[in-house]
Amino acid sequence: MAASTVVNGLTSPNVSNADAGALAEEQCRAAKERAAIDSASRLPALAWLAGATFWLLWASFFGLVTSIKMHIPWFDVRVIMELGIISTLLSVPLMVLIARSKNLSLDAKIGFCTFAFVAAAALWLVLRTWVFDIRWSEHGGAWQTFGRTRMTHLSLIGYGWGTQAGIAGILWLVPRLSRTPLIYPNALIAAAAIWNVGIFAGVIGILAGLGTSVEWLDFPPFVPPFLIVSLAIVAAWGIVTFTRRQESHVYVTLWYCFGAMFWMPWLYTVAVIINIYSPATGVVQSACNWWFAHNVLGLWLTPIGVGAAYYIIPKVIGRPVYSYYLSIIGFWSLALFYSWAGMHHLIGGPIPPWMVSASTVGSMMMFIPVIAVGVNHHMTMLGHMGQLRYSPSLRFVVFGAITYTAVSAQGAIEALREFSEVAHFTNYTVGHAHLGAYGFFTMIMFGVFYYMVPRLTGQEWASSRLIRLHFWLCSVGIVIYFTSLSISGWFEGRQMNNPDYPFIQKMSNELPWLICRSIGGAMMSLGHVAWAILFVLNICGVGSRREGPTFFREKTSAEVEAELNGSTATPAEVALASR
Ligand code: HEM
Ligand code: HEM
């Protein structure tokens with residue numbers, strides 16, 4: 001007699017009762033095993049994620065300040081601090097009343113509290129300007145200059161947010177896919193604490209003027225030991241976990257996670273030695289610098305982002321990755337070609353031309369992994385695009401995965417000498433940088449966390465509206481950011497290459513685009529605030545207990561029925577996807 005089993009929203013038609021029973025038993029066992037593994041990962045993964053979220057807010061703050069100062073040079077950071085503090089003081093009593101109200105839903109409470117805060121800020125602006133007649137000071141101090149706020153932003157993005165978000169994801173993904181509960185949780189929590197002390201010291205150091213001025217290695221020389229010790233703990237944990245894994249099959253996500261954990265500690269350690277403690281001299285230093293700065297993107301952030309997408313997409317849609325072999329080609333060609341390409345950052349610089357040529361070839365060869373990953377993700381998603389309407393994790397991850405293909409194709413073109421002659425030294429590069437580090441990596445990590453956190457805390461998200469707001473603020477924000485800088489950067493490059501074009505005219509042409517960048521960046525920053533609120537509410541236990549995923553909107557029964565009837569997954573595929 002035939003029966004149909006439903007797993008992850010999919011049905012496996014024509015399964016005998018005996019098979020269905022065995023499948024259900026296996027799934028029940030796997031679910032219990034996963035829950036035990038998740039519970040062991042809970043504290044370390046959340047500790048790293050809390051650090052990441054905290055620094056993301058500060059990174060956004062410094063990014064926004066840097067951006068605003070480019071079109072309002074007299075802008076003083078203390079304005080924001082004063083506004084923040086006074087608005088909080090004025091709005092808190094109102095917020096307490098709103099929070100206590102029994103007649104309002106959680107969404108309405110969050111909406112009214114936000115409104116109270118914004119209204120308090122507006123009130124204070126009016127009072128201080130027209131009633132008390134207080135003027136803003138004209139000098140913000142050296143710590144507010146471009147050289148310091150920009151480097152603080154970049155360092156916080158790279159090490160405060162990016163690296164910690166990546167490690168949080170790894171600490172959850174690796175035990176799951178190795179089928180081994182996380183070991184040495186205290187060591188990993190200590191590593192998070194050491195890391196964050198390092199970041200804090202680094203931020204103060206850069207703002208105090210002690211930065212090294214080496215791109216992506218700006219923290220003062222007393223900071224790297226903290227980071228190296230912490231990375232060493234995480235890497236050692238990775239090796240021990242790999243040797244203890246219970247799962248004989250190495251899933252594609254594991255390839256990427258182990259690759260990243262293997263590359264980053266020695267990349268960073270070697271880079272610090274040859275750039276900071278015993279720096280190579282002359283132009284060789286720039287080659288050493290870009291060897292690291294390039295690889296930290298391609299062999300650390302990129303594998304984590306791509307690997308995580310390889311996990312989340314099949315998980316959410318309940319179907320295995322389209323081609324295992326394609327994913328292996330993607331992994332090894334990334335490892336092989338990305339590491340050659342660092343010198344494309346120095347096109348036109350005083351380094352031997354063969355180094356630039358080799359890098360350009362490496363950049364072109366990157367089309368191989370990029371196409372392999374793009375095709376694999378696309379074919380896996382084929383027929384399941386409808387899920388994007390419901391699942392926040394999937395929507396963020398698919399946004400990031402599509403952006404990965406786009407930014408890599410763009411990067412390969414940027415690595416051509418003729419193109420670089422125009423785009424280099426312009427805002428075009430900054431647009432590309434954000435498309436990669438934000439549109440691809442950051443968006444994927446948000447998607448991972450929407451999936452991961454409820455499984456760690458046992459708590460669903462407090463508000464699907466706030467998740468939707470987060471998604472739209474970030475996605476529209478990055479589109480505005482990228483588009484405005486790409487357009488302005490291209491014209492900027494052409495105008496700079498024309499010796500007859502007045503430089504001051506070029507500068508004023510850029511102003512409207514820089515304002516657009518601040519608008520896009522402000523939207524992204526607000527999106528980050530929404531994420532931080534959701535994360536804090538979740539770990540504080542606000543929201544429903546976890547029974548099923550939080551969707552943007554619930555599926556109607558007709559939609560569920562249509563999905564069940566349309567599924568083509570075999571029982572083996574369903575079992576694999578549910579791992
Ligand atoms: C095939 C893939 C890629 C290639 C060939 C590539 C190429 C390039 C090139 C040529 C530049 C230098 C532009 C200039 O200075 O004129 C650049 C900058 C940059 N790229 Fe990519 N890119 C790729 C993918 C990515 C990805 C996936 C990310 C993000 C994870 C990323 C992030 C960045 C960043 C942050 C910079 C600016 C670095 C800085 O100036 O501090 N790129 N890329
Ligand atoms: C997670 C969020 C973000 C990531 C991953 C990120 C990443 C980066 C990266 C990699 C750079 C170096 C680019 C280069 O030198 O080519 C950079 C610089 C910068 N970012 Fe961001 N960023 C983020 C958020 C923001 C926000 C919200 C703003 C606000 C407008 C912003 C404004 C800036 C500015 C003004 C620079 C300096 C550009 C320059 O050197 O001319 N960023 N960011």
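**Note on ligand shells, helix packing and domains**

1. Ligand 2 first. The shell around ligand 2 is made up of ten nonpolar, eleven polar and two charged residues. Here Ala, Val, Leu, Ile, Met, Phe, Trp, Tyr, Cys and Pro count as nonpolar, Asp, Glu, Lys and Arg as charged, and the others, Gly among them, as polar. Of the 23 residues around this ligand, Gly-63, Ser-67, Ala-433, Ala-437 and Gly-521 come nearest; a residue is near a molecule if its C-beta atom, placed from the backbone, lies within 6 Å of it.

2. Basis of the model. This is a predicted model, in which local features need pLDDT of at least 70, side-chain atom pairs count only at pLDDT 80 or more, and totals for chains, interfaces and linings use all residues. Residues are numbered from 1 along each chain as its sequence is written, while chains are lettered from A and ligands numbered from 1 in the order in which they are written.

3. Helices around ligand 2. At least two residues of this shell come from each of helix H1 (17-71), helix H4 (146-178), H14 and helix H16 (503-539). H14 gives the most, with seven residues. Helices are DSSP runs (H or I, at least four residues), numbered from the N terminus.

4. Ligand 1. Met-366, Ser-408, Gly-411, Ala-433 and Gly-436 come nearest among the 27 residues around ligand 1. Helix H8 (283-317), helix H12 (392-414), helix H13 (417-423) and helix H14 (427-457) each supply at least two residues of the shell, and H14 gives the most to the shell around ligand 1, with seven residues. By class, the shell around ligand 1 has 14 nonpolar, eleven polar and two charged residues.

5. H6 and H7. The axes of helix H6 (residues 224-244) and helix H7 (residues 252-277) come within 9 Å and cross at roughly 155 degrees. Axes are lines fitted to C-alpha atoms, for helices over the stretch in contact, and angles run from 0 to 180 degrees between N-to-C directions. H6 is therefore roughly antiparallel to H7, a term for angles over 145 degrees, whereas those under 35 count as roughly parallel. On the H6 side the contact includes Pro-224, Leu-227 and Phe-242, and on the H7 side Phe-258, Met-261 and Ile-276; two residues are in contact if their C-beta atoms, placed from the backbone, lie within 7 Å. By class, this contact of H6 with H7 has 15 nonpolar, two polar and no charged residues.

6. H15 and H16. The axes of helix H15 (residues 464-496) and H16 come within 8 Å and cross at roughly 160 degrees. The two helices are therefore roughly antiparallel to each other. Their contact divides into 23 nonpolar, nine polar and four charged residues.

7. H8 and H11. H8 packs with helix H11 (residues 367-381) at an angle of about 10 degrees, the axes being 10 Å apart. That makes H8 roughly parallel to H11. Val-306, Ala-309, Ile-313, Pro-314 and Ile-317 in H8 meet Val-373, His-377, Thr-380 and Met-381 in H11.

8. Domains. The domain assignment of the protein chain gives domain 1 (2-74 + 144-577) and domain 2 (77-136), with bounds from an automatic or database domain assignment. The centres of domain 1 and domain 2, taken over C-alpha atoms, are separated by 33 Å. Six residues from domain 1 and four residues from domain 2 make the contact.

Note on methods:
Angles under 35 degrees count as roughly parallel, over 145 as roughly antiparallel, 65 to 115 as roughly perpendicular and the rest as oblique.
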